[in-house]
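User: I'm new to this one. Can you walk me through the annotated sites?
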Amino acid sequence: MESNGISESKTVTGDFGYVLQDVPHLTDYIPDLPTYSNPLQDNPAYSVVKQYFVHVDDSVPQKIVVHKDSPRGIHFRRAGPRQKIYFEPDEVRACIVTCGGLCPGLNTVIREIVYSLYHMYGVTRVLGIDGGYRGFYARNTVPLTPKVVNDIHKRGGTILGTSRGGHDTSKIVHSIQDRGINQVYIIGGDGTQKGASVIFEEIRRRGLKVVVAGIPKTIDNDIPVIDKSFGFDTAVEEAQRAINAAHVEAESIENGIGLVKLMGRYSGFIAMYATLASRDVDCCLIPESPFYLDGKGGLFEYIEKRLKENGHMVIVLAEGAGQELLSASMQSMNHQDASGNKLLQDVGLWISQSIKDHFSRQKKMTINLKYIDPTYMIRAVPSNASDNVYCTLLAQSVVHGAMAGYTGFTSGLVNGRQTYIPFYRITEKQHQVVITDRMWARLLSSTNQPSFISQKEGQRRRRGE
Ligand SMILES: Nc1ncnc2c1ncn2[C@@H]1O[C@H](COP(=O)(O)OP(=O)(O)O)[C@@H](O)[C@H]1O
Ligand SMILES: O=P(O)(O)OC[C@H]1O[C@](O)(COP(=O)(O)O)[C@@H](O)[C@@H]1O
Ligand SMILES: [Mg+2]
């Protein structure tokens, strides 16, 4: 089922331009629900923490750079444990599903949701849904206990399996009802969160006491609002190995060119950060920044210049870069995957061939190009230490939110704080590199590559036209 994933917004305003983009709560559509004391108050680890419970009015600003007289702006509800919860531990039947492409840290999030439910709240019935959304109605479930998930964080991938497509809202909600599930934890990217949003709407329409909570997953870092997605740092780190190899190969041979293709369908964050981290990269090409090959200011001219200056060079390419050039030069194929995402053509192979053809035609210079494609390797690895901690906090936050009766939300880090974000803010647009922002300027100045945009075009973009 397709939807734009936009649900009705719940907004609270306050003084001096304060806006809270709040998340739904079970009591919005089921009045008079009983509440229970949070068992964490008797947990020896947490009971000593001063003010462990989050104040009901705590919120986190979306923008932290402000001017003296500027309005306070948009805020999100701060995540964390609440004094009152809306589920008795015995009553909870939770399930976890992972959807979309792989990302380092998926297993850590699964593990920590199970651990938080068991050890913080005494919930013992947790099911894993096998193979993404379609697993709700077409596959078996897997019982998840702390023992089952104990060391899964050391493995890449997801122990639950994943899939694209197969989102049938009514079958999914029937299955949730049939199994008596009342907390649904959905880990996935923009497509998954749109799916979660329609599941939430259907559950609300049926008046069920079922929480739907999302955990944002995206290797491409293309989800808006949140600081960055889990697994992103791991992927950037893993990409360094490919870039180092490309550099070693390129350096070792006359006019060596190392070309590395990284993930990034519509957003070039991995390529940009991997380039900034490496310092060996001479050119980074991303989907947000159009480029051209021939003529003055083009890629071929830059390669020639760089090889003359330095004898070798490294190019990093996001898989979604230059797709319009490929479509123009090859027969355009507008294919989609099962989820409706554009299927990309291999820009790495195409650009390698174009560079080789150009220099052999030109006969001025013999080049040696080595193409490295580590795309799946950077997302199939286990998460690194800092992503593991990040995944743990995300999982704990989402469990606290669900136990407190919040629903229709995604847990996410905003300005370093865990928050609950309404689905519509996560799904309304894609997070992309803004090439008129400072970060892209830092990249351009570190590689010294051409910006491929004319001065006039640059001015137009800065004006936001
Ligand atoms: N607009 C939508 N409405 C409902 N479900 C969707 C929508 N877009 C994607 N989905 C479902 O979400 C799941 C994951 O989507 P996909 O785009 O493959 O990955 P990701 O969530 O990582 O972006 C798939 O099962 C797909 O059917
Ligand atoms: O896993 P597939 O179907 O080969 O798709 C590859 C795509 O998945 C991604 O890794 C992540 O995409 P999602 O966030 O939609 O899962 C993209 O970078 C890449 O284009
Ligand atoms: Mg996606």
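Analyst: Here is a short tour of the annotated positions. This is a predicted model, where local features need pLDDT of at least 70, side-chain atom pairs count only at pLDDT 80 or more, and totals for chains, interfaces and linings use all residues. Residues are numbered from 1 along each chain as its sequence is written, and side-chain values use heavy atoms, without hydrogens and water.

User: Which residue does UniProt list as "active site"?
Analyst: Asp220, from an unreviewed entry. UniProt annotations may be inferred rather than shown by experiment.

User: Where is Asp220 found?
Analyst: In the loop between strand S11 (211-216) and helix H6 (232-251). Helices (H or I, at least four residues) and strands (E, at least two) are DSSP runs, numbered from the N terminus.

User: Is Asp220 buried or exposed?
Analyst: Buried, because its relative accessible area is 8%. Buried means under 20%, exposed over 50%, partly exposed in between (1.4 Å probe, protein chains only).

User: What is Asp220 in contact with?
Analyst: Beyond neighbours within four places in sequence, its contacts include Met263, Arg265 and Phe269. Contact means heavy atoms within 4.5 Å.

User: New topic. Which residues are listed as "binding site"?
Analyst: The unreviewed UniProt entry gives Gly101, Arg164, Gly165, Gly189, Asp190, Gly191 and Thr192. They spread over 92 residues of sequence but cluster in space, with a largest C-alpha distance of 12.9 Å.

User: Where is Thr192, then?
Analyst: In helix H5. Thr192 is buried, at 6% relative accessibility.

User: And what does Thr192 touch?
Analyst: Cys99, Gly100, Tyr133, Ile186 and Ile187, leaving out residues up to four places away in sequence.

User: How about Gly191: where is that?
Analyst: Gly191 is in helix H5 (residues 190-205). Gly191 counts as partly exposed because its relative accessibility is 44%.

Methods. Chains lettered and ligands numbered in written order.
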